[in-house]
Amino acid sequence: MNDSSSGFIIRKRILSFMIIGFTAIVIFQLFKMQMLDNYFYVEKSMENSVKKKLIPAPRGVFYDRNFNVIVSNKPAFSIEVLPSEYNVKQNTLIESVLNVRPGYISNILEANKRYSPHIPVKIRRNSDFAFMAWLNENKEMLEGIDYDIELQRDYSFGINGSHIFGYTKEISASQLRERRSIYNMGDYIGFSGIEKQYEEILRGNKGYSLTLVDSRQRTIGRYLEGKEDIPPSKGNDLILGLDADAQLMAEKLFEGKRGALVAVEPTTGEIIAFVSSPSFDLSKFASVTSSEYWDSLSSDMDKPIFNRATQSIYPPGSTFKMLSAIAALDAGVITEHTTINCPGGLQFGDRFFKCMHVHGRIGVVEAIKKSCNTFFYQLILKIGLEKWSDYGKQFGFGKRTGIDIQEESPGILPDSAYYDRVYGKGKWTKGFLVSLGIGQGELGASPLQLAKYTALIANNGKSYEPHFVRAYIDKYTSEIIPLSFNKIELDIKQKVFDLIQEGMFKAVNEPGGTAGNAKLDNIEVSGKTGTSQNPHGKNHALFVGYAPSKDPKIAIAVLVENVGFGNTHAAPIAREVIKAYLDKNEIKKDSFKEKVARAN
Amino acid sequence: MRIGAKLQDKLDLGLLLPSIFLIVFGLLAIYSSTINHPTAQGNFDRQFFWFFLSLAALLIAYFIPPHVYRIIAIPAYIFSLATLVLVLLMGKTVYGSKSWLGVGTLGMQPSEFAKIGVILFLSYWISRKQTDINSVKDLAIILGIGFLPIALIMMQPDTGTAIVFALLTLFMLFWGGISLFGLFVVLSPGVVMFASVFGTLPMFIALGLILLLLIYFKRDLFVSATVFVVNIAAAFFFDYLYHILQPHQQKRIETFLDPNADPLGAGYNALQAKVAIGSGGLVGKGFLEGNQTQLRFIPEQWTDFIYCVVGEEFGFIGSVIVIILFLLIFTRLLKLASVARDHFSSLVVMGVLVLLFIHFAINIGMNVGVTPVIGLPLPFLSYGGSSLIANMTLIGIALNIHKNRKRYD
């Protein structure tokens with residue numbers, strides 16, 4: 001060696017130190033990564049290779065009161081684009097096959113830009129078969145486009161129910177921000193009607209499947225053969241008070257008419273039939289609603305989206321005479337023996353208020369049966385506005401019923417405060433009240449309110465707030481869990497109800513009654529017609545009634561717009577719906593289990 | 001026992017066996033990382049074949065008469081340079097480097113074999129009786145021997161291998177007996193350059209330190225001033241160097257300085273490698289069970305990131321075993337370098353040691369995230385015939401030196 005031995009030893013030591021030092025650093029780093037931080041890296045490596053794919057939960061099914069399925073689910077294909085892999089050059093081609101305007105796909109992608117490019121974006125829901133076939137044939141040459149099977153509402157059970165069921169819609173960005181923990185992009189959420197009101201019960205729990213992906217996020221298999229997957233759990237099914245037969249009949253009878261019908265079970269407040277006409281086609285809302293359809297609905301002069309059963313407020317006409325009678329009888333202003341002379345109308349101040357006939361001296365039962373205006377003109381003058389309005393409130397007029405769907409109008413029930421507000425204190429006279437006695441004037445009630453009022457009359461002042469949903473079926477235990485609704489119990493003498501019911505029975509069933517068109521051969525029907533004066537055109541026809549008279553099972557309110565007399569146009573509809581509900585064959589009632597099995 | 005001792009005297013099992021164990025480890029890891037791969041499934045078979053070829057090369061190197069190495073030092077070096085030029089003229093580009101020479105499927109990486117030529121020639125030149133390692137002229141010649149292949153390799157360009165050659169030259173100078181001042185002169189520009197990577201302030205601090213050291217060495221003003229000017233030039237040379245780097249290499253330096261800057265780009269491999277190793281835990285996920293490996297999160301894992309497979313599937317225990325095997329080889333070579341019968345042999349062994357250690361340090365360092373990502377194979381483990389055969393040849397030469405350590409002729 002040329003070098004001095006001491007220098008040589010130092011050099012050797014330096015090298016040893018470098019080698020051992022570096023090795024120590026590496027071993028320390030390995031210890032830190034593999035032993036101390038192991039958990040963190042395991043987590044990271046799982047994230048890398050295991051992808052969670054959410055599986056939407058089927059929404060709960062709707063049953064009618066006899067466990068007939070009325071709304072269910074059906075599978076549908078949706079077309080998805082994976083932004084990270086999608087080639088925008090394909091836009092023109094795909095848009096032309098989808099038959100949409102140019103820019104359709106780029107608009108959707110732009111709207112979803114804030115989300116991860118690894119999350120698929122749905123560009124078409126409920127794709128038709130032709131597109132699916134085209135997609136499958138050309139899959140090799142297309143990048144980042146695929147399909148997914150999802151569930152959609154199935155409305156093919158014959159009932160339209162557009163204003164009852166409402167529809168589901170893809171969740172909006174603002175809703176998503178608020179409810180991040182439960183919902184994901186592209187989820188359907190109840191947007192109106194029962195779907196909205198019972199969203200929490202209906203939506204179910206999403207499941208997920210874990211798939212292994214490679215470094216380019218391509219699926220290469222299932223994670224642990226699916227052992228860790230969680231299947232979605234379906235939402236709870238709802239049992240509605242609707243009766244499919246009555247509902248179908250009601251919808252059929254309203255075809256081509258404008259108006260509404262509400263039928264409730266007096267003892268429970270459950271809605272048996274509910275129609276607002278014209279209606280719209282819910283199945284067109286099942287997937288992405290085409291703007292053409294939406295535009296046609298919004299611009300329709302007949303306002304099909306407007307819920308006439310809960311939102312239209314017309315003067316209730318003669319159907320309101322019972323309220324005046326109840327107020328007078330219960331307050332002791334008149335008795336069953338009190339009679340009033342009807343000379344064919346009432347001269348009040350400088351105005352003459354007409355009656356249809358000259359009824360002579362007439363008592364309360366006869367006045368209801370014959371719908372004598374004079375009797376009720378006089379009556380309200382005797383009762384006074386405050387007391388009359390008080391009874392109106394008890395029956396729920398002038399305020400929302402709280403029915404389990406949104407959009408309801410409270411109606412108008414005037415009291416002195418109302419007149420003071422509208423005309424000024426002391427600037428209105430008793431003459432303003434006269435027409436209120438026969439349900440005309442500044443009075444507005446929805447068909448729903450009238451149905452509730454009729455149910456209370458039929459069941460002697462006891463009922464529940466009207467509602468659609470009776471109960472839900474717990475998805476885990478299959479138990480039927482009833483929902484609770486507000487009970488109504490009016491403090492009105494039974495004798496009063498007896499007299500009113502007698503009058504309504506006679507109106508339908510006795511000669512000279514004004515509601516004879518509601519009469520059925522085998523079922524006793526009680527009722528009262530009405531005609532709501534309409535300054536803009538033909539009068540609206542009204543009918544309220546219930547059946548069977550002795551043991552009421554259905555109370556009904558019918559409104560047909562711009563057709564004329566209630567007995568001619570509204571009473572026959574009520575009659576047919578009552579018949580459909582009460583007069584049915586027992587054979588039709590399948591066992592509950594069979595029906596549930598079919599629905600799922 | 002006697003036979004064992006006699007065999008050990010002739011054949012250093014302490015060097016040979018760890019090398020073979022490492023190759024076996026490598027074969028397992030290559031098998032694991034390619035078994036599910038669509039295009040790399042043949043790699044295991046090929047590596048297995050090269051293993052035998054490399055054993056043959058080792059035996060040849062082992063049995064060659066020792067003086068032959070001194071004779072072939074110059075031709076081997078010239079041949080190495082020739083192949084490095086040839087690869088630039090007609091080589092195939094692999095991963096951005098024109099480093100592959102071959103016909104059809106048969107081919108080799110000249111830079112791997114050039115290592116042998118450079119080690120032999122550097123050892124030969126430094127150990128020449130006429131050479132004064134501390135004279136400016138001889139120092140320049142030695143640096144020239146080292147930097148000629150570096151220049152050729154930079155033209156491919158293959159920065160990793162170039163760094164290896166630069167460090168190899170420096171360490172051999174160090175082992176060759178360069179004086180402290182000489183070492184300082186050679187190393188200081190590198191230190192300044194490295195410091196300037198981190199910014200202007202570290203650069204000035206480094207320059208200040210060099211000024212202090214120059215005052216400490218008390219050389220004449222002319223020498224001191226020259227060294228200092230060279231250092232200042234080096235400080236600004238970095239900027240130039242940075243710009244001649246390939247964009248992916250610039251990215252790698254930036255990524256090392258801030259690993260989280262670009263987790264899906266240049267930092268991706270480094271990050272995934274750490275995830276693979278870290279998720280291995282104490283005993284690993286088991287052979288063929290590592291999801292990072294099997295799902296191919298790290299591209300070309302069987303080459304530069306082979307150590308991740310070990311870390312993920314064999315855990316801390318497996319990782320440390322590999323390091324211990326390397327450590328055995330290094331200590332063995334270090335001991336051999338100090339007992340070799342002459343300066344030439346000692347330098348050759350040191351060359352082998354330094355070469356293996358630099359590959360080891362840079363490769364493992366990048367796998368566990370303590371050094372930047374520089375594309376270098378891990379000796380014995382990484383897939384690749386040229387590297388394996390070259391490394392086993394070097395081990396064969398070291399074994400040869402061990403066998404002849406007591407001969408004086």
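These legends go with a set of close-up views of one predicted model.

Local features are taken only where pLDDT is at least 70 and side-chain atom pairs only at pLDDT 80 or more, while totals for chains, interfaces and linings use all residues. Residue numbers start from 1 along each chain as its sequence is written, chains are lettered from A, and ligands are numbered from 1, in the order in which they are written.

**View 1. Where chain A meets chain B.** Here you're looking at a contact built from 32 residues of chain A and 34 residues of chain B. (Two residues are in contact if their C-beta atoms, placed from the backbone, lie within 7 Å.) On the chain A side, α1 (5-36) and α2 (38-49) each supply at least two residues. The biggest giver on that side is α1(A), with 17 residues. By class, the chain A side splits into 15 nonpolar, 11 polar and 6 charged residues. For that count, Ala, Val, Leu, Ile, Met, Phe, Trp, Tyr, Cys and Pro are nonpolar, Asp, Glu, Lys and Arg are charged, and the others, Gly among them, are polar.

**View 2. A three-stranded open sheet in chain A.** The 3 strands run in the order β1-β8-β9, with antiparallel pairing. (Strands pair if DSSP finds at least two bridges between them.) β1 (50-55) and β9 (219-222) sit at the edges with a single partner strand each, so one side of each has no neighbour in the sheet. From one strand to the next, the twist averages 45 degrees. β1(A) and β8(A) are linked by 6 bridges, and A:V50 has A:L212 in β8(A) as its bridge partner. Over on the β9(A) side, 3 bridges join that strand to β8 (residues 207-213). There, A:L212 stands opposite A:G221, and A:V213 faces A:T219.

**View 3. Two crossing helices, α3 and α4 of chain A.** A pair of packed helices is described by the angle between their axes and the distance between the axes. In this pair, α3 (residues 91-98) and α4 (residues 104-111) pack at about 110 degrees, with axes 8 Å apart. (Axes are lines fitted to C-alpha atoms, for helices over the stretch in contact, and angles run from 0 to 180 degrees between N-to-C directions.) That makes α3(A) roughly perpendicular to α4(A), a label for angles of 65 to 115 degrees. On α3(A), A:N91, A:I94 and A:E95 meet A:Y104, A:I105 and A:S106 of α4(A). This contact has 3 nonpolar, 2 polar and 1 charged residues.

**View 4. Two cis peptide bonds in chain A.** The bond from A:S277 to A:P278 is cis, with omega near 0 degrees. A:P278 lies in the loop between β12 (271-277) and α11 (291-299). The bond from A:A547 to A:P548 is also cis, with omega near -15 degrees. For A:P548, the loop is the one between β22 (540-547) and β23 (554-560).

View 5. A:F67 isn't a glycine, yet its phi is positive at about 65 degrees. A:F67 lies in the loop between β2 (62-63) and β3 (69-81) of chain A, and counts as buried with 21 C-beta neighbours inside 10 Å. B:L288, another residue other than glycine, has phi near 70 degrees. You'll find B:L288 in the loop between α12 (267-278) and α13 (291-294) of chain B, partly exposed with 15 other C-beta atoms within 10 Å. (Buried means 20 or more other C-beta atoms within 10 Å of the residue's own, exposed 12 or fewer, and partly exposed in between, with C-beta atoms placed from the backbone.)

Note on methods
Helices (H or I, at least four residues) and strands (E, at least two) are DSSP runs, numbered from the N terminus. Angles under 35 degrees count as roughly parallel, over 145 as roughly antiparallel, 65 to 115 as roughly perpendicular and the rest as oblique.
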